[in-house]
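Please keep the sequence and the three-dimensional view at hand while reading.

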Amino acid sequence: MSPQSPPAMPEVSQAFCILFILLLPLALAGLALINTGLSRLRSAAHSMMASLCVVGVAAVAYFVTGFAWQGYPGLSSHTLTIFGKEWSWLGAGHFFLRGVPLDGSRASLAALLQLLSVGLAALIPLGAAAERWRLRACCLSTALLAGITYPVFAHWVWGGGWLAGLGANYGLGLGFLDAGGSSTIQAVGGLTALSLVWLLGPRRGKYNLEGMPAALPGHNTVYVLLGCVLALVGWMGLNAAGSILFAGIAPGRTVLVAVNTLLSASGAVLAAAAITRYRFGKPDASLSANGWVCGLVASSAGCAYVPPAAALLIGLVAGALVTYTVAWMEVHLGLDDPAGAVSVHALGGIWGILAVGLFPRTVTVLLPYPATPAMIQSGQMLAQVVGVATLLGFVLPFTYTLNWLLNRLIPQRIPPEEERQGADLYELGAGAYPEFMTHTDEFSQW
Amino acid sequence: MKITGLLMMPAGWIIVLAALVLLRAVLARNLFIAAGLGVEILGLVLLTRSHLTAKRGNE
């Protein structure tokens with residue numbers, strides 16, 4: 001099928017869009033620093049090295065198959081006709097970006113944005129599986145994520161797929177809305193992280209015989225907090241570019257997007273700091289950092305649609321959510337997730353998706369196509385719920401099965417004895433800080 | 001338990017899709033979508049419990 005192409009983009013929009021997309025590597029750097037800072041000293045170099053490899057593999061895999069299967073509204077796609085309604089389920093483009101003129105058209109800008117944002121999605125599992133995931137397995141798992149899972153779901157949301165068409169086909173508001181990628185990037189990455197945490201199991205020494213978790217604090221809080229600042233800049237670029245390309249807003253409206261992104265992150269970090277101060281007597285830096293990122297994650301879906309006060313509220317809820325769920329998952333579900341990626345990206349992403357349905361009022365103001373308020377309010381929440389159901393009912397089992405199969409072919413976990421000496425020595429042959437003496441209590445968790 | 005949980009999640013999703021395609025009445029459609037989501041959550045709980053049991057077994 002080849003639906004009607006969206007209107008050509010004005011040059012000023014192209015220029016703004018390219019500028020915003022080029023901010024995105026800062027989000028990659030931020031997430032890589034956060035993951036590294038939250039892992040232990042013995043795996044710091046491995047974490048940064050794996051981050052680079054994962055971003056590279058994600059870009060190549062997306063270049064090979066990803067954009068062909070994701071597509072963009074106006075490009076050809078595979079469709080099913082069910083009871084007279086068309087369901088676009090997969091892009092039908094050519095592999096290796098053939099047929100996509102890299103000339104500043106909407107499709108080419110979307111391809112550029114996705115080549116970077118798929119790396120962001122791929123960095124999320126890396127934080128959750130830190131210190132015990134083989135480098136080779138990271139790369140292969142990332143290829144599956146970036147080459148198959150991500151583009152299929154992203155087609156449904158951003159490529160003119162059936163989730164985006166829920167409004168036109170079934171009267172569910174304006175269809176599934178996600179301007180900046182709370183679902184396509186964050187929740188997909190977060191659910192993949194959950195699969196890997198399950199498949200790899202906890203780090204050695206994390207749980208005692210009674211099943212109680214030990215604290216294995218990260219080795220550099222400064223990296224983590226610096227990463228948060230870099231992530232803010234990158235996220236503003238991601239949300240702004242996504243809003244132009246996938247929500248159709250004018251460049252001037254990206255002011256609202258930036259304000260919403262900042263307010264959401266601010267609300268989240270303040271909520272996390274206040275709650276940890278109340279619970280533990282002092283604010284917790286790593287949980288506050290998790291709150292900050294969770295605020296960014298939750299802001300993405302609704303950044304172009306909700307008013308600033310709603311963005312602040314979304315952030316406050318996100319900060320509270322992450323503060324409680326990180327510890328709860330660790331203690332009650334046995335999830336050893338050093339970066340809190342499942343809480344931050346999966347739960348934060350799902351909250352962001354649902355929040356679009358809770359605060360739909362500014363959609364009519366921003367969208368460049370006609371929509372009555374009744375049309376928006378009637379089914380928007382339901383469209384968002386269908387999106388969440390798709391993440392839980394399709395993406396999670398699919399990514400789990402892919403990684404389970406990969407684990408059967410190539411064991412993904414570092415062997416126990418090598419895990420004790422650290423991923424740096426085992427995989428890279430040298431530590432991140434060779435001039436530092438390692439204290440014996442670094443190994444006392446064994 | 002793991003395979004059951006893994007199968008229940010797509011089963012719930014299919015209920016959601018079927019409700020969208022087959023049902024026109026708003027209340028019935030919403031109820032079936034909620035039911036599908038409930039089945040998915042049940043599958044998620046089973047999958048989580050299967051991994052918790054495996055972890056305790058390893059300890």
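**Confidence.** The structure is a predicted model. Its scores are ipTM 0.95 and pTM 0.94. For chain B the mean pLDDT is 90, and 90% of the residues in this chain reach 70 or more. Where pLDDT is low, the predicted coordinates should not be read in detail.

**Chain B.** Chain B contains 2 helices and 0 strands. It has 59 residues, of which 36% count as buried. Among the contacts in chain B that link residues at least 6 apart in sequence, 68% join residues at least 24 apart.

| Helix | Residues | Number of residues | Span, first to last C-alpha | Expected span |
|---|---|---|---|---|
| H2(A) | residues 24-38 | 15 residues | 22 Å | 21 Å |
| H4(A) | residues 106-128 | 23 residues | 34 Å | 33 Å |

The span of H2(A) is close to the expected value, and the span of H4(A) is likewise close to its expected value. H4(A) is mostly covered, with 22 of its 23 residues buried. In H2(A), 13 of the 15 residues are buried, so this helix is largely enclosed by the rest of the structure.

**The nonpolar core.** The largest nonpolar core has 164 residues. Within this core, the residues that touch the most other members are A:Leu123, A:Ala146, A:Val197, A:Val293, A:Val386 and B:Val16. The largest share of the core comes from H4(A), which supplies 16 residues.

Which residues does B:Val16 touch, not counting those up to four places away in sequence? In chain A, they are A:Val386, A:Ala389 and A:Gly393. In chain B, they are B:Ile33, B:Gly36 and B:Leu37.

**The contact between the chains.** The contact involves 22 residues from chain A and 20 residues from chain B. On the side of chain A that touches chain B, helix H14 (residues 373-409) of chain A gives the most, with 11 residues. That side of chain A divides into 17 nonpolar residues, 5 polar residues and no charged residues.

How values were computed. Residues numbered from 1 in each chain as written. Chains lettered and ligands numbered in written order. Predicted model: local features only at pLDDT ≥ 70, side-chain atom pairs only at ≥ 80, totals over all residues. Contact = placed C-beta atoms within 7 Å. Helix = DSSP H or I, 4+ residues; strand = E, 2+ residues; numbered from the N terminus. Nonpolar A, V, L, I, M, F, W, Y, C, P; charged D, E, K, R; others polar. Expected span 1.5 Å × (residues − 1). Buried ≥ 20, exposed ≤ 12 C-beta atoms within 10 Å, placed from the backbone. pLDDT = per-residue confidence, 0-100. Core = buried A, V, L, I, M, F, W, Y, C linked by C-beta atoms within 7 Å.
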